[in-house]
Amino acid sequence: MKRPTVAVLGTGPSGLAATKALLEHGLQPVVFEAAAAPFGMWAGPGRGAWSDYAPTNISRYCCAFSDLAWPAGSDVFPIRRDVAGYLRLYADTFGLLRSVRFGTRVDSVRANRDGGWLIGWHGPDGAGSDRFDHVAIATGFLTEPFRPPFPGLADFAGEVTHSSVCDTATDLRSRFGGKRVLVVGAAFSGTEIAAELASYAQVTVTLRHPMWFVPRWVSAMDGGPKYPLDLVIYNRRSDNPLLLDPHVFLRRAGGDPGAASPELAFDRDLELPLTIIISDDFLELVGAGAVAAKRSASLRFDAGGVTFADGVRQELDAVILCTGFASSLPFFDRPVLDAIGFDETDHMQPKLLHRTMFHPDLPGLSFVGHYRGPYLPVMELQARWLARILAGEVPMPDRAAMLAGIAEEGALRSQEPRPQFPHADFVAMADTLAREAGVFPELPADDPLRLRVTQGPLVPAQFRLSGPHAKPELARFVIAATPAPVLDDPPEATASSQGRRVLDVLRGRWSIERRIEPGGQFTGAASFTRHATDSLLYRESGRLVLDNGTELDCENSYVYALRHGDIEISFAGGPSRGKQFIDISLPADNPDEFPIVSADRHLCRLDTYEATFRLENPDLFSITYVVRGPKKGYVSRSAYRRVGSAQSDFGRPPVAEAT
């Protein structure tokens with residue numbers, strides 16, 4: 001049997017997955033990439049992943065391919081450069097970039113008279129065209145920054161920007177420090193950017209309808225330990241809390257938004273929406289008054305500000321559009337776009353395809369990763385199924401099956417109200433594709449891993465247990481090493497230690513005033529976010545003004561981890577990543593009283609650091625370092641103040657569930 005010629009468009013995660021699956025099945029794809037470097041939205045500034053420091057919404061356990069585990073010691077919720085590093089490791093491990101034509105933009109994909117598809121392109125060496133039996137479109141679901149045509153926005157005299165170019169914490173501070181900023185949109189980028197601005201700007205977030213705001217770490221049961229949200233909700237359990245009673249689970253996991261602000265309250269007379277936003281800080285900052293929320297069905301701008309739907313006007317200096325991305329397929333002619341029902345204004349379901357992949361009237365054409373919320377396991381399963389079809393191992397779905405699938409997609413598109421994610425049941429979608437590809441995990445009743453597969457979290461490695469190109473040893477190792485909520489929970493929660501209480505207090509956003517003598521004055525902001533069980537990730541950014549007047553932008557990151565009752569501070573980045581810096585040794589007596597004071601001395605190479613940590617109350621702490629060495633001699637005094645008002649109780653966030 002003659003092997004078909006195959007082209008893949010794109011080298012983001014879906015393009016890499018398609019290339020890998022095709023190579024696995026003996027096919028040699030030609031891969032087109034318009035950029036000079038691979039990895040799509042994760043490649044760097046301006047490519048789509050808006051921030052260089054905001055963590056992913058999905059943990060590394062689920063944000064992975066089936067046969068490549070993340071390196072040991074990786075953050076549970078990686079940031080953009082970490083994801084790019086993982087994709088680089090994936091590409092290098094499986095030799096995926098050898099067939100890529102970088103810097104080659106596809107201008108047209110047209111049906112060829114004699115069958116197949118003709119790709120027109122231009123690149124560094126000129127322009128040309130090539131015919132392929134099959135073309136896999138892996139260019140991403142959302143590709144172009146969406147800027148709604150708000151009335152009067154063109155007349156606004158202040159700065160207007162899109163979240164896609166709000167790249168670094170340093171850039172945000174330099175552009176918006178001290179300004180009145182309206183963040184349009186309270187979804188993922190909107191809440192993250194608002195939280196970052198909170199300590200140095202007057203920020204208002206506007207949203208059209210109420211939403212649930214849920215942190216990345218939640219408990220699977222009342223009083224139980226916290227796990228990454230995706231490990232709690234993505235499983236095959238019949239009592240899955242998100243499917244069984246979603247609103248009860250979301251209220252418990254994230255709190256009642258209306259308790260933070262009436263602007264975020266649900267309309268009790270209407271059906272509650274199931275719009276879920278992953279945010280660690282947003283509700284607390286709104287409840288503390290550090291971020292203002294404004295619900296409005298419309299916005300009308302003028303030269304100096306904005307008027308909301310209720311007639312309230314607000315003066316502004318800047319507007320950040322956190323309004324998402326639109327889909328774009330510029331290389332197709334109108335007949336192809338019409339066949340797939342393409343609607344570029346539909347940000348939830350811009351095309352109608354069987355399994356979001358195929359159309360019966362477009363033989364030789366497929367899509368990989370083109371659905372809202374493209375998790376790596378799903379795009380990889382789509383790629384594996386496609387590769388088996390093209391290798392002649394399984395048949396293409398017949399016309400009747402495809403038309404039925406497209407009808408289901410059409411029903412989803414016409415549903416009112418529109419769901420946040422048309423294919424929200426990630427587990428069901430992944431399992432359906434796994435069955436099509438012949439890789440669904442079937443384990444006998446006496447298999448020791450059966451319970452973790454059927455009752456534990458769905459992780460990509462489960463789809464390498466059996467079927468074509470199975471890697472059972474690797475799969476079993478990854479599955480066994482993945483935390484399993486409920487299955488791993490101890491029967492009784494252990495009493496919280498002093499260290500856990502201190503970590504609970506530190507979590508959140510802080511402003512920093514630091515005096516370095518001799519040296520200068522640093523002003524900035526810091527955040528403590530959950531890094532793993534009993535550890536926090538600390539990130540700071542700000543500006544250092546040296547004694548000679550020189551100004552420098554600075555960023556630092558550390559991990560604060562509970563170790564044997566004390567808090568160990570280690571480096572989170574750079575060549576010293578993972579190495580201990582200093583400890584906070586906590587007193588055992590009077591655990592609930594303030595202040596809590598710790599002193600430690602540490603030899604770092606040739607330099608001695610004497611550190612004093614003093615937690616005055618839940619909203620104020622300080623750290624002083626006295627540094628001595630052959631080439632160092634200075635004192636650093638840092639005062640941290642919580643962004644917003646005081647917490648109500650020791651270690652308890654200000655947003656509580658409504659009774």
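Arg355 is partly exposed in this predicted model, with a relative accessible area of 29%. Its salt-bridge partner is Glu436, and the closest N and O atoms of the pair lie 3.6 Å apart. Glu436 belongs to helix H13 (residues 426-437), whereas Arg355 sits in the loop between helix H10 (334-339) and strand S22 (365-367), so the contact ties together parts that are 81 residues apart in sequence. Glu436 is likewise partly exposed, at 29% relative accessibility.

This pair is part of a wider set. The count of salt bridges comes to 46. Side chains of opposite charge can pair when their charged atoms come close. Some of the bridges share partners. Lys20, Glu24, Asp67, Glu380, Arg464 and Lys471 are joined in this way into one network.

Two pairs within that group were examined further. Glu24 forms a salt bridge with Lys20, with the closest N and O atoms 2.9 Å apart. Both residues lie in helix H1 (residues 13-24). They are 4 residues apart there, which means a separation of about one helical turn.

Strand pairing was examined next. Strands of a sheet pair through backbone hydrogen bonds, either parallel or antiparallel. Strands S17, S18 and S19 form an open sheet of 3 strands, in the order S17-S18-S19, and the pairing is antiparallel. Strand S17 (299-301) and strand S19 (313-315) stand at the edges. Each has a single partner strand, so one side of each is left without a neighbour in the sheet. The twist averages 25° from one strand to the next. Strand S18 (residues 305-308) is joined to S19 by 3 bridges, and these two strands run antiparallel. In S19, Glu315 is the bridge partner of Gly305.

Terms used:
Residues numbered from 1 in each chain as written. Predicted model: local features only at pLDDT ≥ 70, side-chain atom pairs only at ≥ 80, totals over all residues. Heavy atoms only, no water. Pairing = 2+ DSSP bridges. Axes fitted to C-alpha atoms, helices over the stretch in contact; angles between N-to-C directions. Salt bridge = Lys/Arg side-chain N within 4 Å of Asp/Glu carboxyl O. Buried < 20%, exposed > 50% of the residue type's maximum accessible area, 1.4 Å probe, protein only.
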